[in-house]
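The following questions and answers concern the packing of helices in the structure shown below.

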Number of protein chains: 2
Amino acid sequence: MAVKQARQATIKDIARELGLSVATVSRALSRPELLKPETRERVLAVAHRLGYQPNLIARGLRMQETRLIFVVTRSLSPFFLDVFRGVEVAAREFGYDVLMGHTEYIAEREGLFLDQVASGRADGVILVTSADAVALATRRRPMPPLVAALEAIDGLSVPTVCIDHTEAGAQAARHLIGLGHRRIAQIAGPGQMSMAKDRSEGFEREMRRAGLDPSAYPVLSGDFSIDFGEAAMRTLLAATPPPTAVFAANDEMAVGVLQAVKQARLEIGRDISVIGFNDQRIASLYEPQLTTVHVPTAELGYHSMRQMLRLLRGESTGEVIVLPTAVVERQTTGPAPAERPVRARGEKAPV
Amino acid sequence: MAVKQARQATIKDIARELGLSVATVSRALSRPELLKPETRERVLAVAHRLGYQPNLIARGLRMQETRLIFVVTRSLSPFFLDVFRGVEVAAREFGYDVLMGHTEYIAEREGLFLDQVASGRADGVILVTSADAVALATRRRPMPPLVAALEAIDGLSVPTVCIDHTEAGAQAARHLIGLGHRRIAQIAGPGQMSMAKDRSEGFEREMRRAGLDPSAYPVLSGDFSIDFGEAAMRTLLAATPPPTAVFAANDEMAVGVLQAVKQARLEIGRDISVIGFNDQRIASLYEPQLTTVHVPTAELGYHSMRQMLRLLRGESTGEVIVLPTAVVERQTTGPAPAERPVRARGEKAPV
DNA sequence: TTGAAAGCGCTAACAT
DNA sequence: ATGTTAGCGCTTTCAA
């Protein structure tokens, strides 16, 4: 007696089996208080026996909502994972599901995720760092619920949860300058990313304020990879005189810098100070432990989801939340080394 | 003239605008060859102008498929990310989408993802490491399309793409033994994870084969974290005599081991050899670079997705694909240190 | 080549 | 307290 049971049970199956209407079965599942307890029990029992699972597609079609949010990142680095975890916490609090997708730095794939929302697969997307606002907004009517995390999307006014990248860059500079460094180089992020530019600008602004020339060393623009950091540092080390301190726009590049410094047999934190950005796990894991600008990743995610929820309820528009950053001082930065005196501008050489 | 355009356009809107039936519009979009070219063009033009996006929910309801696959992992470690990337490659080749979710080691959350499939949100799930087969299979009728990646699911016969964890453990042991080590300790993975047990067993089997006692040192069962590895190693270092080589069941614990060795001011690769497992990025990044058992993560993902596709077409059942592993020798293992001679069993002491 | 109509599984008015 | 009915947006017979 091969019982054919290949199909998922539906409320119709349950209704038929009990001689009830589908409406009653639906109510038993979603608004049990409306039913006579006995009926409710009977329905639930059969539902359980049949292994019933509500068809969320059908429900979504009817309700016009999925209670699903997509988190879209550019890559799958551990950094974004931390943001995602924060999103999840908030999502779970409010009965939403979250799934993660990534674009591999292909700008148009951001749009594809938005289309998924337009297609009813999710209620909204949290975009952690966006590439191309113009392409995003164009040809998308209406614009699906969208919140920007980590950085604002240029030219697009959507709820945003970010950090002040400019100020964070300035913090890095102040740390180094406060330690007495004057020959300071920076390794920036990708030139097209506005958050990379902001960090860079904040950094340079602070250098100028301290009377230093931010272009004394070439500002190398990297791809956030360890390899790039290493190569860049080799270049910087070849300068005469070499810098005594380096700011790398993320921790991975900073690790590359450290590798190069080690290879050059210089002492980290003494001959050369290095500060990173993000405070990823590798920062405290690497040896020596990396001084870096802490970014509250999980909080970024958490508040992004909260904003999304508000947006979905029609409560919020274009609001910007800025989370604080701070330098975490560990082992890779120290006082500027004593040196044969280098003249500051306008200062006279001793006789 | 505030144009109200809050709703996504539907085929109905397009049909109305052109005085066509929804059927024709639908065909223009999905089976254009059936239409008079001119009509097709008109439909496409309006669709484009209205920013039309097909409602995948509705289509899914009708077609009973989503072309979406969930990849479910226990945690969001970089290791699983690599597997996910492999899945994506295969998915894209065949016009599927993939989204990633994780269970935070909560066994029942695996079931929730399966329920999502039963609920029509996705066509199947690729489970990268499963906790509880029994709970998984119970009360789920019919069983949604499922493939196991990385390890087989005990007691559940589903398509599987894995490595031979037992053999991989044996490879680690052979490497150490081949280097002349005889005082070898191991730090195993979580006791409930069968893949952890398998690695452990393979390792011990090989030790016995070489006449060594695998329980000479306590086998510590950890949670795959760096901290555990470090603590475990401190324990092992306190033994007299301490081991000259250690096998850690993943790279993170191995890194913890290395930290402890450094703190003890012993030389890695000379006083103590350490071998890890997985060959994650940190393995080649850490200093010194970690010798480890390479696991083909991306391939694991890629083939899992291929299996899923086959399963969805009704082509495959219970097939198991085993991918090869191999020791990658780097800097943390070396010849066993010369020592005051320790007698092998039955060997006479010199007079 | 196109249209009418049914139906995927569910929920919510609106009856009763 | 429960049933009837319409409809979410789409695809697909079946007819014309």
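Q: Is the crossing of α10(A) and α11(A) left-handed or right-handed?
A: In this predicted model, helix α10 of chain A spans residues 226–237 and helix α11 of chain A spans residues 251–263. The crossing of these two helices, α10(A) and α11(A), is right-handed.

Q: Which residues of α11(A) make the contact with α10(A)?
A: From α10(A), the contact draws on A:Ile226, A:Phe228, A:Gly229, A:Glu230, A:Met233, A:Arg234 and A:Leu237. By class, the residues of the contact comprise nine nonpolar, four polar and three charged. The α11(A) side is formed by A:Glu252, A:Met253, A:Val255, A:Gly256, A:Val257, A:Gln259, A:Ala260, A:Val261 and A:Gln263.

Q: At what angle do helix α10 and helix α11 of chain B pack?
A: In chain B, α10 (residues 226–237) and α11 (residues 251–263) have their axes 6 Å apart. α10(B) passes α11(B) in a right-handed crossing. The angle between the two helices is about 45 degrees.

Q: How many charged residues does the contact of α10(B) with α11(B) have?
A: The contact includes B:Glu230 and B:Arg234 of α10(B), and B:Glu252 of α11(B). Besides nine nonpolar and four polar residues, the charged residues of this contact number three.

Conventions:
Residues are numbered from 1 along each chain as its sequence is written. Chains are lettered from A and ligands numbered from 1 in the order in which they are written. This is a predicted model: local features need pLDDT of at least 70, side-chain atom pairs count only at pLDDT 80 or more; totals for chains, interfaces and linings use all residues. Side-chain values use heavy atoms; hydrogens and water are left out. Axes are lines fitted to C-alpha atoms, for helices over the stretch in contact, and angles run from 0 to 180 degrees between N-to-C directions. Helices (H or I, at least four residues) and strands (E, at least two) are DSSP runs, numbered from the N terminus. A crossing is left-handed if the near helix is turned anticlockwise from the far one by less than a right angle, and right-handed if clockwise. Contact means heavy atoms within 4.5 Å. Ala, Val, Leu, Ile, Met, Phe, Trp, Tyr, Cys and Pro count as nonpolar, Asp, Glu, Lys and Arg as charged, and the others, Gly among them, as polar.
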